[in-house]
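Some terms used for protein structures rest on simple cut-offs.

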Amino acid sequence: MNEILVLAEHREGELRDVTFEMLGKARELGEASGQAVTALLLGSGLGDMAETVKPHADEVLVLDHGNLKQFNSAVYQPVLADAIKTREPGLVMIGHTAFGVDLAPSLAVALELPFAADCIDLAVEGGTTKATRQIYEGKVNATVSFVDAPTVLVTFRPSAFPVEEAARAGKVTELTIDVPEEPAVRKFLEYVEAAVGDVDITKAEVVVSIGRGLREEENLPMVEELAESLGGVVACSRPVVDAGWLPKDRQVGSSGKTVKPKLYLAIGISGQFQHLSGMKSAETIVAINKDPKAPIFSAADYGIVGDLTKVVPALKEKIAELRA
Amino acid sequence: MRGALRGSGVGRERCRGAWPDNRNRRNGEQMNIVVCVKQVPETAEADVKLASDKKGIVMEGLPLQINEADNYALEQALLLTEEHDGDVTVVTLGPDSSDDVLRMSMAKGAAEAVRLNDPAFDRGDAVATARALAAAIKDLEYDIVLTGCISSDDGNTAVGVALAECLELPHATYVTQMEMGDGEVTVGRELEGGLIEKLKVKTPCVIGIQTGINEPRYASIMGIAKASKREIAMKSAGDLGLESGDVGAEGSRTRIEELSYPPVGEGAEILEGTPAEASSKLADVLREKGFVS
């Protein structure tokens, strides 16, 4: 009960930001509840990763083993289960990432841990952990409590907490846990890089981005014309790629590209966190959406509440007038 | 096989029950697929309001539809069974209105439909819901179970992977590519930044489908007419050998305490007026910032 265990996530030799974000949240919780913060670093050829993690935790548990080379949940799950059974932490945090979502739910079932996914905040009240998570596509927050249990498990949303400087003197402990071979039922084959398209949206100073609100492919040309009038490129959120209206290399968001343009115009994009994580560092963000409560307006500097099929042509016209 | 994964998980024991001997074996070249689908309110562009008890939302006025990722999972199942000759069974857990989603699935080509229909299943968290689905699916014949990787209402991204563990099957989620082999499937999982992780997973398995993997079809008028007369197999907790304490709110180890609207930070400066007026204000802002020169 006196420990918060954070699974350090890394990919292709790089520790991921979510690792430090979770450790920061864990330190905040630990200070309030008297719990120590422990990072669990699993992998193969970890190099100096433990040194990098050390200042962020009270203890770093390290297991460097050839079978842990790939983040295969079928190998990581039993190792993590072993560590949890041995350490009995009060709280286990795993990133709500493509890796974490493939691991945490089955781990929760296997160890019968109370489990909340995609948490954006955690608090300890009167000795019990409470989580905040979002439902209905980011439009509603839910406060979730856990039934009384020695250990609870959460996945924690990337970018929900900042990466902070830390100065703890984490003790590095080598773990001795039997690591199974990668099972025949689930074998890693390879990583395949995303295809490169004709336009690199990450290099553009002006990005005009469209989302689900586009509704019809026929509405695409007016957005392209607006982008052209601003000297920008057209990008999009996931539903537009899913519908086949724009290629994958135009997608902004966690499973697409991260852009930092001078101007980001979000049109018909509700602003779920997966999208926000790919554009929130833009210098100026403008949102056009018909739902005044769309999360995108919280991230934007300027907003227009309205129907994009009316606003986009009007805006293009006004820009043309100013140019004339 | 998978000895290492067969730890002493109590949870798994709790959700498995007795396995039929003939489960999920391929019958010659035939391939059968179970798809888990869910009916959800359409909220992406709606004004979502909290119910007065702050435990749920006001559902009135929100159109109900198949969860988007589940629709892609259904399409994937139909494509695979058309290619490999087999049947699709759709399974849902939900209220009476969910029959619409099952019938629409049958109109598109699903052969059978099962609904977990019992108040005991209500308000279960991801793990309790997976446990209930597992109890219904374990008696079916299948090679693959497909689920959407996320639901737009609860957004757990968890039921499919939890279900796999309940069924003691391997899994992969966030799948955007799928290629059938002999007794195995090669999948591409979409990771952050668009990187694809390729894996080989042996069947039977549970695969969580990400949106965009295919182009979901529409049901034909003829299909809809035929499906309206089709039978849906109803299963209560008792039918599945479950106690009310295993599933639903009672079987959940998390509780929703309260719902609230996300805090709006500084937020955007809203440019008011008609589309022309608001656009004029925005154009001025863009000029001031040097984007119109």
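Q: What makes strand E9 of chain A and strand E12 of chain B count as paired?
A: In this predicted model, six bridges join strand E9 (residues 140-146) of chain A to strand E12 (residues 254-260) of chain B. Pairing requires at least two bridges, so six bridges meet the definition. The two strands run antiparallel. One position on this pairing is A:Ala142, which stands opposite B:Leu259.

Q: How are strands of a sheet held as pairs in general?
A: Strands of a sheet pair through backbone hydrogen bonds, and the direction is either parallel or antiparallel.

Q: Which strands make up the open sheet that contains E9(A) and E12(B)?
A: The sheet has 10 strands, in the order E11(A)-E5(A)-E4(A)-E1(A)-E6(A)-E10(A)-E7(A)-E8(A)-E9(A)-E12(B), and its pairing is mixed.

Q: Why are E11 of chain A and E12 of chain B called edge strands?
A: Strand E11 (171-174) of chain A and E12 of chain B each pair on one side only. From one strand to the next, the twist averages 30 degrees.

Q: How do you know that E7 and E8 of chain A are paired?
A: Strand E7 (residues 115-125) and strand E8 (residues 128-135) of chain A are joined by six bridges and run antiparallel. At least two bridges are needed, so E7 and E8 of chain A qualify as a pair. Among the bridge partners are A:Glu125 and A:Thr128, the latter in E8(A).

Q: What makes residues of chain A and chain B count as being in contact, and how many are there?
A: Two residues are in contact if their C-beta atoms lie within 7 Å. By that rule, 86 residues of chain A are in contact with 84 residues of chain B. Helix H9 (residues 308-323) of chain A gives the most to the side of chain A that touches chain B, with eight residues. That side of chain A divides into 48 nonpolar, 18 polar and 20 charged residues.

Q: How do you know that the length of helix H2 of chain B agrees with what a helix should span?
A: Helix H2 (residues 68-84) of chain B has 17 residues, and at 1.5 Å a residue it should span 24 Å. Its end C-alpha atoms are 25 Å apart, so the two values agree.

Q: Why is H2(B) called mostly covered?
A: A residue is buried if 20 or more other C-beta atoms lie within 10 Å of its own. In H2(B), 13 of the 17 residues are buried, so the helix is described as mostly covered. Just after H2(B), B:Asp85 takes a positive phi of about 60 degrees.

Q: What share of each chain counts as buried?
A: Of the 324 residues of chain A, 57% count as buried. In chain B, buried residues make up 52% of 293.

Q: Where do the domains of chain A lie, and what joins them?
A: Chain A is divided into domain 1 (3-174) and domain 2 (201-323). The contact takes six residues from domain 1 of chain A and six residues from domain 2 of chain A. On the domain 1 side, these divide into one nonpolar, two polar and three charged. The centres of the two domains, taken over C-alpha atoms, are 34 Å apart.

Key
Residues are numbered from 1 along each chain as its sequence is written. Chains are lettered from A and ligands numbered from 1 in the order in which they are written. This is a predicted model: local features need pLDDT of at least 70, side-chain atom pairs count only at pLDDT 80 or more; totals for chains, interfaces and linings use all residues. Helices (H or I, at least four residues) and strands (E, at least two) are DSSP runs, numbered from the N terminus. Ala, Val, Leu, Ile, Met, Phe, Trp, Tyr, Cys and Pro count as nonpolar, Asp, Glu, Lys and Arg as charged, and the others, Gly among them, as polar. The expected span of a helix is 1.5 Å times one less than its number of residues. A residue is buried if 20 or more other C-beta atoms lie within 10 Å of its own, exposed if 12 or fewer, and partly exposed in between; C-beta atoms are placed from the backbone. Domain bounds come from an automatic or database domain assignment. Axes are lines fitted to C-alpha atoms, for helices over the stretch in contact, and angles run from 0 to 180 degrees between N-to-C directions.
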